[in-house]
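The sequence and structure are shown first.

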Amino acid sequence: MDSVFAAIAQGPEDPILGVTVAYNKDPSPIKLNLGVGAYRTEEGKPLVLNVVRKAEQLLVNDPSRVKEYLPILGFAEFNKLTAKLILGDDSPAIQENRVATAQCLSGTGSLRVGAEFLAKHYHQRTIYIPQPTWGNHLKVFTMAGLSVKTYRYYDPTTRGLHFQGLLEDLGAAPAGSIVLLHACAHNPTGVDPTVEQWEQIRQLIRSKGSLPFFDSAYQGFASGSLDADAQSVRMFVADGGECFIAQSYAKNMGLYGERVGALSIVCKAADVASRVESQLKLVIRPMYSNPPIHGASIAATILKNSDMYNEWKIELKAMAERIISMRKQLFDALSARGTPGDWSHIIKQIGMFTFTGLNSDQVAFMTKEYHIYMTSDGRISMAGLSSKTVPHLADAIHAAVTGSC
């Protein structure tokens with residue numbers, strides 16, 4: 001008898017995670033994976049931060065720790081510390097109890113919980129996302145029941161921000177629309193607005209009564225400064241208005257597989273935040289009941305101990321600086337080869353990714369001839385590069401651009 005699922009079609013590989021699947025199948029000794037956004041050391045190895053190892057050791061050695069369920073909203077201490085990290089130590093929103101925070105399954109889970117909440121409780125069902133954006137955004141919001149539209153963000157001719165287009169599109173969006181914003185280190189382009197441009201964006205969004213939804217996946221990882229990378233969010237919170245913030249500790253603490261994150265909803269009044277919190281529980285309970293305890297305990301241990309917190313900041317800055325150094329090395333290597341075109345965007349962009357400007361044919365050529373794996377839109381993870389592999393990548397880009405093998 002045939003399976004009742006016999007008619008199910010084979011699903012396509014995820015466009016980002018599928019890059020690693022293809023990379024793993026390649027037997028070449030010179031293969032290079034620049035697809036998935038995970039930090040690598042100069043030796044090309046995954047990194048567990050020393051401060052994370054210390055925190056885990058403390059937790060393991062604590063005989064009072066148990067494996068009981070967390071509450072629906074997660075580990076309360078972690079939630080408080082996480083809201084403080086993004087909003088600032090002296091945030092009036094926190095002091096006035098206007099922030100509802102739920103520990104969620106990293107950034108993706110935080111976005112999904114926020115989207116489910118909005119689909120149920122917000123008067124507008126349309127969210128505007130930047131073009132381009134992280135590949136999973138469209139799916140997360142659509143699956144939650146929101147209608148997704150785009151606003152112009154990246155200008156391929158300048159390989160920078162299409163600021164005029166952004167203002168025009170958000171200005172034309174219906175009043176009250178939800179607007180997704182990358183807090184810093186825009187993925188996939190690495191192009192961020194300036195502080196002055198952020199202020200114009202804030203004024204426009206507030207004048208339209210739109211609702212900002214920040215995706216903060218790289219706080220501290222972009223510039224090396226936790227405060228500088230939170231500036232966009234804090235500008236919006238400082239005006240007393242409301243916003244959503246999805247946070248992840250995958251990149252900045254290297255807690256990728258622990259799935260540590262949070263959704264914070266900044267409200268105009270404490271009583272509103274309390275009711276929002278009660279409804280967040282009703283979204284989460286039938287979804288996954290409550291979040292895991294271990295990763296959030298690691299993060300809370302680091303955030304609440306001043307010595308460990310300072311050690312984390314030093315390690316975080318070192319990761320950010322290595323990525324910035326890779327940008328300069330790649331730019332210098334392309335300049336030395338006389339590769340046609342202006343490659344200055346590589347050092348102007350920020351964060352884990354560089355939007356190279358390479359097209360899908362050039363990417364396919366680099367994979368076939370040089371065993372270099374990246375997403376077909378030409379996005380490369382700078383964190384996957386090292387001083388040893390920069391020349392190989394520069395050779396491949398040069399060959400792809402000049403059409404020589």
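## The second largest cavity

The lining of the second largest cavity divides into two nonpolar residues, five polar residues and no charged ones. The model is a predicted one. The residues that line this second largest cavity are Leu85, Ser216, Gln219, Gln247, Ser248, Tyr249 and Asn252. Its volume is about 30 Å³.

## The largest cavity

The structure holds two cavities of 30 Å³ or more. The largest cavity has a volume of about 40 Å³, and its lining comprises seven nonpolar residues, one polar residue and no charged residues.

Tyr151, Tyr153, Leu166, Leu181, His182, Pro193, Trp198 and Ile201 form this lining. At least two lining residues come from each of β7 (178-182) and α8 (195-207).

## The sheet

An open sheet is formed by seven strands in the order β2-β10-β9-β8-β7-β3-β4, with mixed pairing. Because β2 (99-105) and β4 (147-152) stand at the edges with a single partner strand each, one side of each has no neighbour in the sheet. From one strand to the next, the twist averages 25 degrees.

Within the sheet, β8 (residues 211-216) pairs with β9 (residues 243-248) in the parallel sense over four bridges. Asp215 has Ala246 in β9 as its bridge partner.

## Helices on the sheet

Helix α3 (residues 76-87) lies across β2, β8, β9 and β10 (260-266), and runs at about 110 degrees to β2. Helix α8 also packs on the sheet, where it touches β7 and β8. The direction of α8 makes about 165 degrees with that of β7.

Key. Residues numbered from 1 in each chain as written. Predicted model: local features only at pLDDT ≥ 70, side-chain atom pairs only at ≥ 80, totals over all residues. Heavy atoms only, no water. 1 Å grid on protein atoms, 1.4 Å probe; cavity = no way out; pocket = protein on both sides within 12 Å on 5 of 7 lines; lining within 4 Å. Points joined across faces, edges and corners; volume = space filled by probe spheres on them. Nonpolar A, V, L, I, M, F, W, Y, C, P; charged D, E, K, R; others polar. Pairing = 2+ DSSP bridges. Axes fitted to C-alpha atoms, helices over the stretch in contact; angles between N-to-C directions. Contact = heavy atoms within 4.5 Å.
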